[in-house]
Amino acid sequence: MTSVSALTDHIEQYFEQQSELYGKDTFLLGIQPGKPATATALAPVLEMKENSEIDKPKDLSQKALLEQFNAEHKNCMRCGLGKERTQIVLGSGSAFAKVLFIGEGPGREEDAKGLPFVGDAGQILERMLKRMGFIRKEVYITNVVKCRPPGNRNPNDDEIAACAPLLQKQIQIIQPRYLFCLGKVAANALLRSDETIKALRSKVHSYHGAKTFVTYHPAALLRDQNLFWEVYEDMKLFRQVYDAEIGDKPPMVEMNRKN
Ligand code: URA
C-alpha cells in the first residue's frame, strides 16, 4: 500500500511537472463549495473584548499552566462526545509555541493515541510544517473539539460551543503570535464567519492580537489534489508575515512552479 508520505511526494512531483508543462492556471481549479457552517456556535463563547490582547497569565509559567489545564480537562464530559471517546485529545506541542494550528476534531487514530494529527492528515500536516520550516514540537497543535465525533462526522454547534472554553484557555495560556486554522470548521469558529475557505484564505485575519491564517484541512489534500497550490500559497503568506516579524528561519524552499 502506498504511504501518505509517498503519496504527498507524488502529488508535489505531479504538480511541479504539470505546471512546468502547462502553467499554473491549468491547476487552479474551482474550489468545491463548502458545507453549511456549523461552527458559528463557538463565536459567542470565544468572543473577548473587542481588540483586546489576551491577558498573559502571570503567576505560573506557560508550561505549568498547560499541564494544569491538561490535568483539569482530561476527564471532560462537557458534551456527549465525552461518552463516545477512547481518549480525549487536548493538544500537543510547545507551551511556548509562536504558532498554534487548529484542526476540526480528533479522528480514529487520534482518539486511540490521545494525540492530535497522528493519522493520514497528520502526515500531510507534518509535510506542511516542514515546508514552512517548522517541526511539530516547536508549534502547538489542537482541535476545535477535543473528542472524536463518531464516524468522523463534523462536530455540531452544541459540541463546538461546549468545547470552546477549552480552546480559548489554550490560546490564553500559550499566547501564540500566529494562529493557523486548518479547514472550515476551525476557520468559521475562530473568525465568527460562515464563509468558505475560498473566501477566508489568502488573507491575514486577527484573533485578539494573534495574526490568523486559514487554509484547507490537510485531509482535503488527500481527497482533492487540486488544492495543493492554494495550500502552498497560504503557507507562503504565513512565512512572509513570520519572516517580516520574527525572521529566525531559513528561506522557504520555492516550489518549481511555472508562472
Ligand atoms: N483531523 C483533525 O481535524 N484533527 C486531528 O487531530 C486529526 C484529523
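Four bridges join strand E2 to strand E4, residues 178-182, and the two run parallel; strands here are DSSP runs of at least two residues, numbered from the N terminus, and two strands pair if DSSP finds at least two bridges between them. Within this pairing, Val 99 stands opposite Tyr 178 of E4.

Before I continue, please note that this is a predicted model, in which local features need pLDDT of at least 70, side-chain atom pairs count only at pLDDT 80 or more, and totals for chains, interfaces and linings use all residues. Residues are numbered from 1 along each chain as its sequence is written, and side-chain values use heavy atoms, with hydrogens and water left out.

E2 is also joined to strand E3, residues 140-143, by four bridges, again in parallel. There, Ile 102 has Thr 142 as its bridge partner.

Why is E2 largely enclosed by the rest of the structure? Five of its five residues, 99-103, are buried, so the strand is largely enclosed; buried means under 20% relative accessible area with a 1.4 Å probe, protein chains only. Val 99, Phe 101 and Gly 103 point one way, while Leu 100 and Ile 102 point the other way.

I turn now to the ligand. The residues surrounding the ligand include Gly 103, Asn 143 and His 217, each having a heavy atom within 4 Å of it. A polar side-chain atom of Asn 143 lies 2.7 Å from a ligand nitrogen atom, a polar contact being a pair of N or O atoms within 3.5 Å. A ligand oxygen atom is 2.8 Å from a polar backbone atom of Glu 104.

Conventions
A polar contact is a pair of N or O atoms within 3.5 Å; within protein, one must be able to donate a hydrogen and the other to accept it, and residues adjacent in sequence count only if both atoms are side-chain atoms. Buried means under 20% relative accessible area, exposed over 50%, partly exposed in between (1.4 Å probe, protein chains only).
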